[in-house]
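Open the model in your viewer and switch to the cartoon view. We will walk through it one selection at a time.

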Amino acid sequence: MRFVSTRGQAGSVSFSEAVAQGLAPDGGLYLPDEFPDITSYLSDWENMSYPDLCFSFFRLFASDIEENNLRELVKDSYSRFSHQEIAPIVSLKKNLKILELFHGPTLAFKDFALQLLGNIYEEQIKKNGKPLTILGATSGDTGAAAIAGLLGKKGVTVFILFPDGKVSPLQERQMTCTEADNVYPLAIEGTFDDAQRAIKEIFSDLEFKNKVGLSAVNSINLARILAQSVYYLFAWLQLEKHERENTTFVVPTGNFGNVFAGWLLTKMGLPIKGFRVATNQNDVLHRLFQSGEYSLENVSPSLAPSMDIQVASNFERLLYFILGGDSKKLRQVMATFSEKGKYSFEHFKVDGFTSSSVCDEELPQIIKQVMDEYGYLVDPHTACAFKDLDSSEKYLILATAHPAKFPSVYQKASLPTPTSTTLEELSGKKSKKYFVDADPEAIRAFIEEHLD
Ligand SMILES: *Cc1c(COP(=O)(O)O)cnc(C)c1O
């Protein structure tokens with residue numbers, strides 16, 4: 001299978017190349033050039049373990065990775081999860097279930113993709129001998145998960161930008177207390193969007209990109225999206241047969257990566273009823289689905305910081321489908337958006353999506369209410385999913401992080417502070433971070449200085 005850029009001005013590439021590139025050379029995002037129909041495999045996939053399902057799904061896309069190697073690297077990727085089922089489902093009541101995605105090494109769903117991505121990179125370096133430089137921006141969880149996935153990998157050097165003071169102290173410790181030689185956590189002044197903007201510019205500098213073998217771990221990377229599609233598929237197969245086609249997935253969303261990964265399965269024939277895009281007070285996506293206007297506002301730091309995002313990078317992938325694959329039109333929309341900070345769609349209608357938004361005042365109340373009603377503790381991102389649900393509908397909520405990752409919110413909810421031994425183990429370790437300006441020039445200089 002080949003992969004093409006949403007912007008239509010870069011040649012098609014193999015799976016490994018699309019993963020290594022991250023962002024396509026024309027500034028677009030990679031998508032498969034055709035979609036397999038997975039419905040004929042579903043009966044074989046019933047009751048498969050998570051790693052087996054992941055392998056079977058990836059085999060359809062990663063045709064340039066040797067089958068046994070793929071099987072091994074997938075198996076290894078899910079060997080550090082603390083729950084046997086990897087992504088267990090918990091039932092809160094008849095029509096309301098939770099898919100727990102926080103049993104990986106850094107206690108957030110991003111481990112699903114980044115453990116695998118780290119192993120795919122390693123496989124590729126083994127094959128072609130070319131070292132890779134990983135550059136990413138994080139609002140907290142991506143950085144921690146990327147670092148955990150890439151720690152100590154031969155031939156990989158990792159640079160992760162994060163907004164100083166705007167990630168939780170625990171997230172910061174997950175990034176800075178690794179004691180690894182190949183990892184550089186870079187603190188910038190500004191927001192996640194500032195970091196992401198600088199990075200996008202560096203990725204468009206193709207000379208530099210080739211020189212240092214730059215790759216991206218943000219959810220612009222295709223491997224992340226496909227790795228996340230797997231848990232939707234796994235969850236769908238765990239549902240009772242009569243629930244499968246009428247359950248809506250509710251997805252706490254910032255960059256539109258997670259929810260897009262689920263939606264992609266509908267392109268492969270999986271009958272999913274719909275997706276609910278659950279945002280925090282940074283509601284650019286909620287406003288888009290309500291009004292058809294995609295318009296930026298300033299980032300407002302919230303109690304669910306991993307979704308404090310305005311520019312939802314993966315929206316470009318959905319847009320590609322909305323525009324019927326018309327890359328020229330897509331380039332026009334993106335150019336207008338980048339110039340004016342907004343774009344109004346005349347007829348914005350995508351079947352299968354609803355949306356909601358939760359402000360900071362409501363969050364602790366929702367957490368308390370969920371605890372009182374179901375005896376279940378949610379983290380602040382997952383809490384966003386509970387807004388305005390229709391009690392006559394069936395929902396599966398994606399729990400994106402373990403509550404112990406965001407301890408500061410629980411006092412506001414009059415609940416005891418949750419803990420986790422994984423996180424407590426970090427407190428004894430030495431922390432290391434570097435300060436750089438959120439300026440492409442300064443970041444490039446730092447990278448060159450710190451590569452061997
Ligand atoms: C990253 C993250 C999100 C948002 O995911 P997107 O892919 O950006 O939509 C939600 N919750 C948590 C806990 C996260 O770490």
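Start with β3 and strand β4, residues 96-100. In this predicted model, the two strands run antiparallel and are joined by four bridges. Pick out S91 and look across to β4: the bridge partner there is K97.

Now widen the selection to the whole sheet. It is open and has six strands, in the order β3-β4-β14-β9-β10-β13. The pairing is mixed. Which strands sit at the edges? They are β3 (89-93) and β13 (353-357), and each of them pairs on one side only.

Next, select residues 284-291, which form helix α13. Helix α13 lies across β10 (274-279) and β13. Against β13, the helix runs at about 130°.

Move on to another sheet. Five strands make up this open one, ordered β8-β5-β6-β7-β15, and the pairing is parallel. Its edge strands are β8 (214-216) and β15 (434-435), each pairing on one side only.

Zoom in on β5 (residues 132-137) and β6 (residues 156-163). How many bridges join them? Six, and the two strands run parallel. Find L135; its bridge partner in β6 is F159.

Select residues 110-128 for helix α5, which touches β5, β6 and β8. The direction of α5 makes about 160° with that of β5. Then select residues 440-450 for helix α20. Helix α20 touches β5, β6, β7 (183-188) and β15, and its direction makes about 150° with that of β6.

Technical notes
Residues numbered from 1 in each chain as written. Predicted model: local features only at pLDDT ≥ 70, side-chain atom pairs only at ≥ 80, totals over all residues. Heavy atoms only, no water. Pairing = 2+ DSSP bridges. Contact = heavy atoms within 4.5 Å. Axes fitted to C-alpha atoms, helices over the stretch in contact; angles between N-to-C directions.
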